[in-house]
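Hi,

Here is the model I promised to pass on. Have a look at it first, and my notes follow below.

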Amino acid sequence: MSAPTTLPSARPVAHTIAETYDHRGRQAGEMPLSPSMQQFADEAERLPTDELILNMGPSHPAMHGTVRCVLRVDGETIKDADVQIGYLHRGFEKESEAATYTQIFPYVDRLNYVSPMLNNVGFAMAVEKLLGITAQIPERAEYIRVIVGELARVADHLTCLSAAISELGGLTVFFWGNRAREHVWELLEDVSGARMTHSYCRIGGVAWDLTRDFDEKCRGKIAKIRGLVVDIRKLVERNRIFLDRMEGVGCISAHDAISYGFTGPCLRACGVAYDVRKDHPYSVYDHFDFDVPIADGGDNLARYLVRIEEMEQSLRIVEQALVQIPPGAVIVDDPLIALPAKREVYNSIEGMIAHFKHIMDGLVVPAGEAYSFTEGGNGELGFYIVADGTGRPYKNRCRPPCFYITAALRQMILGANLADVVPIFGSINMIGGECDR
Amino acid sequence: MTSSDPPVPSRPRSATIILPPAPPPPPTAARAAASSTVKPPENRDAPAPVAPNLAATPVPGEPTVTLTIDGETIEVRKGTNVLEAAKLLGRDICHFCYHPGLTIAANCRQCLVEVEKNPKLQPSCQQIVGEGMVVHTESPAVLEARRAMLEFTLKNHPIDCPICDKAGECTLQRHYMDHNHHLTRVDVAKIRKPKHKDIGREIVLDAERCILCSRCVRFCEEIPGTGELAMTFRGDHEILDIAEGHPLDNAYSINVVDICPVGALTSKDFRFAIRAWELKATPTTCQGCATGCAVELHHKHENAYRVMPRHDPAVNGHWMCDEGRYTYKELDADARIRHARVDGQQVPLDHAIAAVAKRLQGRNKKVAAVFSGTSTNESNRALDDLATMLGAERFVLGRPPGKTDELLRDADKNANMRGAIAAAGAAKHEGELGLELAGRAYDAVIFLDGTFELSEVVRSALGAITSVCLSDRVTALAQACAIVLPATSWGESLGTTINRQGRLRVLQPAWRPEGDRRDRADLIREIALALGERDLGSGRDRARAIAEEFDHDGLRQLTTTPAATRPTLLRFSHSRG
């Protein structure tokens, strides 16, 4: 914010506009004001200078995923904020109750839609926990899940960073970041057939194996992604405009972050080294050598740095997984869980019935309840499922990580300048589909 | 039947008759002065078809037997079979050929269980319970027998699920997933048999899908007693067939479609109409005749697709007649009246109600109120209240009599003639209405239903007076009346009827009424309010009162809990073959 303008001290300090200048810019007193000018001057004297209510969103281009902030500003300073979510509510949890477990995968794709693979994995693991088959998932399927999940995490962070920086004016970063993300999507499209809404996981494994040239192609893409990330870092990390907007802006303490229920990069940017993959290792994450990056300060810059480093760590995991991945099946060998092969479906009544019952009735999950949590793009992504012994969940509750982070947005923007709302909001990576469900 | 079959347990052929409450004394002099009256039909002894198999639930005063099934000891009625006894414990022993309403054939060998001290596995449907018997239904030998039998059953089964009408409610599909779920080991060609063979008025046979359980053969022999179906040839060339020139066209033939565990027998009416899993089922009562069979109406959105029997031991057992199945065609969406009409013009409902009130008002207006044997007690009672307010003459009309037999079909084709007569009290019948209308005895007439087939004389007489018809579909009578109010059909109404036994039967709404359609009792309530009379209460209020009057828990729940009327989606309900 620029310093307040002061009038030259040689002149007596004017108290109203009318005393100072007329409409031609001449000083008052030099000539009488015209009646219309006098009226303007009177009105100007009554001009309100108190606080203003300002609406930001839900259709504001920088309020990703349609969030509305009702701000009370005093000049440029935010005095109060009312963050309103729910504009992207689709009733995901209710919808789940009318769908078979397998039919829910397309719905979870649309939770955090910038990293659908991680949602796929998280949901599949919750159902597998209920079925008690977590230990029976084929090793190869677990590795595939790790590979596609970590690639999705890279896409998630790239989306967050490039969108946030583009809103600060760095449009080049947006283009470069999206080019890197395009590499991820090309890989995931090769694997799943869809660019964004993959629906690639299945209860008990994944839908089908990786493509034959995946290994080679993936290594090539990793190198390209690394190059683009380095380019982005060179472009912004020593840029004064960028640093001014990021450093010391949108601070939250580790204590407050934990109180709000922060997880993921936003919590690690407060110096808390909590990562579900490390602290509660699931799948085959304990087979890999990777670090959990943390940063101090809990400000925009810390969140940026954590995400940049996490991308590198994810790529490291993918590289290791590509080396370690064993051959074998990609889904459990259980006719009550896995769909029969198409060859059986079209050529034998047994396969036909099994396929039919799988699709129409869904795979039957024994009655019970389970909470399963994984490290999503924004933090701990949890699914709490209550099963009633049918092919559909009785209740499917999702713990969306960014819901708790968005809850702290008010505190983070209080006292900041109006222009800071955009980078703060951008750096917490609120995803409407996930937050509003 | 072979000599090894157990004796069919006998059961006294009697039915409990619940009499309707005595009709209230006629409140007006007009009613008492009615010259000739329609009398309620006599209380006929019309028992439900007797099932040959005893349910396992102990009956007070009857001897019982104690046995152990899978470690659980249970006391059951003497003479029942192990399969029924296990059902009491919540164990559904998988079976194809056993049906509680038919004699036992024990030819599918799917329900084999282990009985201790018995060297071989026994068919649980045929095994009568014995004192101290120890039964295992989940032992390794039983599971292996079940799996192996299913493998045999599937050996020649065609890969028809995508084009089979039974898919989604097929017992074979369900048992395969529950008890076999192994892939095929057979690599020889399947045996071909006749497909889509027309074997009767209502039925098409696909012999390839048939698993030879003989339920349909036994049904035709035992229930209608016509015996058209038989098994011919032997081994895996055995097929179900009819004798040349003797088609399956008895009055109960579609029941074989319901009891067929696979899609071998399909109904011509339902074939390829809709997939079963898209349907929702609403339990209700058949409106085809005075028997009032317990049925399920199967529908999707606002369209009905079929009527299927529900088990009601006191009324219809497991069965219903073919005639009753076609009653759903009355609910045809194309013929529905969705908006009120006054003098041929479509008007908003409140305008039509105001028009009715305006034309009925007047000190010396002589009004005829026509009660209906095809409408619910609720609407007939509402009309009774209105007729009292107007001092109207009462008539009870219905459909003409039709075919009847000893089993379920009643000659009286009105589902609620008893209830209508009870509501109307002493009333006149159709002939008198015609004479009096033709003789200009009345200034106005209100028809509770539009289904009456009135003569040309009567219909032409309606042109000269105020005629009001509460109708759910376009009929000749509705078209002849000056004012037509859109009423709900039995697919959309909550209400009750009284069947030939005097039992209270409940109608449950399957979908929300379209357009301006309202329950008849609600329409009459609006008319009374427009006339400046007291509030008669809604149809639901009347149903609640009837629930109290008959002490009927099911109806009480329907009137108080809206969720109780929610239909069941067939897709996720258990397959019912």
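**What I found**

V148(A) touches M117(A), L188(A), V191(A) and Y200(A), leaving aside residues up to four places away in sequence (contact means C-beta atoms, placed from the backbone, within 7 Å). Keep in mind that this is a predicted model, where local features need pLDDT of at least 70, side-chain atom pairs count only at pLDDT 80 or more, and totals for chains, interfaces and linings use all residues. Residues are numbered from 1 along each chain as its sequence is written, while chains are lettered from A and ligands numbered from 1 in the order in which they are written.

V148(A) also turns up, with V127(A) and L151(A), among the residues with the most contacts inside the largest nonpolar core, which has 116 residues. Such a core is a set of buried Ala, Val, Leu, Ile, Met, Phe, Trp, Tyr and Cys residues joined through C-beta atoms within 7 Å; buried means 20 or more other C-beta atoms within 10 Å of a residue's own, with C-beta atoms placed from the backbone. Helix α6 of chain A (residues 139-166) gives this core its largest share, 15 residues (a helix is a DSSP run of H or I, at least four residues, numbered from the N terminus). A second, separate core has 83 residues, including M352(A), V65(B), L102(B) and L407(B).

Now the contact between the chains: chain A puts in 17 residues and chain B 16 residues. On the side of chain A that touches chain B, the largest share is 9 residues from helix α15 (residues 349-361) of chain A.

Cheers

Terms used: A residue is buried if 20 or more other C-beta atoms lie within 10 Å of its own, exposed if 12 or fewer, and partly exposed in between; C-beta atoms are placed from the backbone. Helices (H or I, at least four residues) and strands (E, at least two) are DSSP runs, numbered from the N terminus. Two residues are in contact if their C-beta atoms, placed from the backbone, lie within 7 Å.
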